[in-house]
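Please open the structure in your viewer and keep the selection panel at hand.

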Amino acid sequence: MSPKLKILCIEDNPVNWRLVQRLLGQAGYDLHWAEEGLQGYQMAVELKPALVLLDINLPGLSGFEVATKLRQNADLNGIPIIALTAKTMKIDRETALVSGCDGYISKPIDPFQFTAQVEAYLGGQRDKVDQGREGVVLRQFSQQIVEHLEARLKEAQGSNRKLQEAQEALEIRNRNLSRLLALSQSMVAEPDPRSLLARIIGRAQEDLGLRMLHAFRVQADGGYFEGQRWTENGIEMTPPVRGDHVLPTRLKSVMNEGPLFGENLLQSPYWDPGMALGLWGQPSQSLLLPMPHRQVEGELWGFWTLSREADRPFLPFEVELVALIGGLAQVSLQNAELIFSLSESSRALASSYEIVESAYMEVHQAQAALSLRERQAILGDLFQKMTKRLQAPVSTLQIQSSALDEMEQGSGEWKHSVAQIRDSVGQIASLVKALTRRVGKQDNARPEWIHLDDLLTQELELMSIEGHLGDRGLRLEIGAKEAKVFGIYEDFSETVAQMVRHALGGPTPSPSLLVRTTMAGGRYHLEIEDEGGPIPPDGLSHAFEPFSGLREDPSEEDLVLGVRKPGPGLPSCLQLMSSYQAAMELRNIGEGTYLDLSLQLDPEAV
Ligand code: MN
């Protein structure tokens, strides 16, 4: 079987195309479709069809022009081009022939004759222009081409002008954006919110040639909007707008839709209330920019209103610029406030440290001035005074740091500062807690979770402040961080104090102490090693018995040899700790003794 003959149909009307396709497809031809002239030309070059059906009324190049173009390509010589023309005028049929077509079929297509008409042309039929008419038709066709070209030229000039305008608008927009960038960079260094806003407003006025600009911002309690305005006389405060005023209330529902301007603003429910507030004058071009809250969903943070001459409508890139400047103002103001709040916090922190320092100074002075017997009572009073004075700054700091947390913006430096403040607050707070307990003024008998290493550190610090450790070297090795026990704080603080007193006892003052905590086999150990001399075997075996302190004192010879008795508080330690399943051990080691307290911890509490 010979391959089907290809027919290319260049036709913009799909209804006509489907009719051609059906009629010629049934007759056994291979149909191809191009919707417009240049595409048709390209397909003809690629397909080399047996025949081209060419609609005359085409978008872009007319059918006549397509025929001329097809005829200029030598590769397509001999392919019949048949015009499909709705025009009944003789001149159009003639123009088709002059422009390069070999014949024409009138539209509407006659389905009973169409295939036969096409096959006649395939069989060699060619139509001719009447003798002597050719010159006239050619001139007319040339005329048509010139007119078409002129129209195209005008069109091109028009789009070129539009392109130039767009280019200029783009340049202005770019210029505005880079100025805005420079402004935003300089804002970082501006600490005062009011002058910061004034600078941004001034820039907006300058860039947009405004006659009036109002910038409103909600107050912390949401009760009213405070405003500043730029007028020809400079920047001044405006009367506040109530939080429940109709303008901001209505604005909430559309605040995420961007700025309103021009006719849209004029027809909106915001125009009249704004006019009543004097936010725009008439006749003018105005713009209303709502600013949603960045932290609180669904809340209005503020709004700007802008006005300028009636003959200067806001262009799209200017609307974009307003939104950007507004956003810059909002972010800059919030940053300035954050920085302000941060420096407030650090001031509060500094003053609380001063208070701590001066309180310690008082303690030291009192120590120097008082006799040993009076010391305990007076110290108690001082500690109490000191803790009362500490409580206020600590709670201030805690409030500050939680306020800072809420405003958190995510920058690394910011988080670092907040973490430092929080750390310092934690240190002061735990010291206050320890002091309060020390003077026995607060809830000592209530069981709670106790961090053993915190307690140990605090006790040793306080004993050192009170002068019990003298100038001994103290080595502290915390190996059981996080160990916690549920119990009564004072049981443990008393035990630690008695254990240290034991280690400090003896005729030769121990030059140094080693205090160590470890975890071994699920048990927590607090170990103290001293260098204060050994204890005879008899003393060791009775060290934890009640009233062991009443036993015989070491003999003169023993004292000469540097031996000593166990600490008198050890029996009461064991008694206190017995309710915590504790074990205690005392033995001689090196130049002194080794004292160990071990506790079985609840595994979940470690
Ligand atoms: Mn058409």
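Which residues of α4 are buried? Select helix α4, residues 90-98, in this predicted model. The buried residues there are Ile 91, Asp 92, Glu 94, Thr 95, Ala 96, Leu 97 and Val 98. Because seven of its nine residues are buried, helix α4 is largely enclosed by the rest of the structure. Continue past the end of the helix to Gly 100, which follows α4 and has a positive phi, near 130°.

Next, colour the protein chain by pLDDT. The chain averages 82, and 81% of the residues score at least 70. Among the elements, strand β1 (residues 6-10) has the highest mean pLDDT, at 97. The lowest mean, 61, belongs to helix α17 (residues 556-561).

Now select the manganese ion together with Asp 12, Asp 55 and Asn 57. Asp 12 sits in the loop between β1 and α1 (14-26), and Asn 57 in the loop between β3 (51-55) and α3 (63-72), so the pair ties together parts that are 45 residues apart in sequence. With a relative accessibility of 30%, Asp 12 counts as partly exposed. Asn 57 also counts as partly exposed, at 49%.

Move on to helix α11, residues 316-369, and select Ser 332 within it. Is this Ser 332 buried or exposed? Ser 332 is buried, since its relative accessible area is 8% and the cut-off for buried is under 20%. Display its side chain as well: the side chain of Ser 332 reaches the backbone oxygen of Leu 328 at 2.8 Å.

To display the lining of the largest cavity, select Leu 452, Leu 455, Leu 456, Phe 492, Thr 495, Val 496, Tyr 524, Leu 526, Leu 597 and Leu 599. Four elements each supply at least two residues of this lining: α14 (452-465), α15 (489-504), β16 (523-530) and β18 (592-600). Colouring the lining by residue class gives nine nonpolar residues, one polar and no charged.

Conventions
Residues are numbered from 1 along each chain as its sequence is written. This is a predicted model: local features need pLDDT of at least 70, side-chain atom pairs count only at pLDDT 80 or more; totals for chains, interfaces and linings use all residues. Side-chain values use heavy atoms; hydrogens and water are left out. pLDDT is the predictor's confidence in each residue, from 0 to 100. On a 1 Å grid over the protein atoms alone, a cavity is a set of points where a 1.4 Å probe fits but cannot get out, and a pocket is an open set with protein on both sides within 12 Å along at least five of seven lines; lining residues have an atom within 4 Å of a point. Ala, Val, Leu, Ile, Met, Phe, Trp, Tyr, Cys and Pro count as nonpolar, Asp, Glu, Lys and Arg as charged, and the others, Gly among them, as polar. Donors are N, O and S atoms within 2.8 Å of the metal (3.2 Å for Na, K and Ca); water is not among the atoms, so sites may look incomplete. Buried means under 20% relative accessible area, exposed over 50%, partly exposed in between (1.4 Å probe, protein chains only). A polar contact is a pair of N or O atoms within 3.5 Å; within protein, one must be able to donate a hydrogen and the other to accept it, and residues adjacent in sequence count only if both atoms are side-chain atoms.
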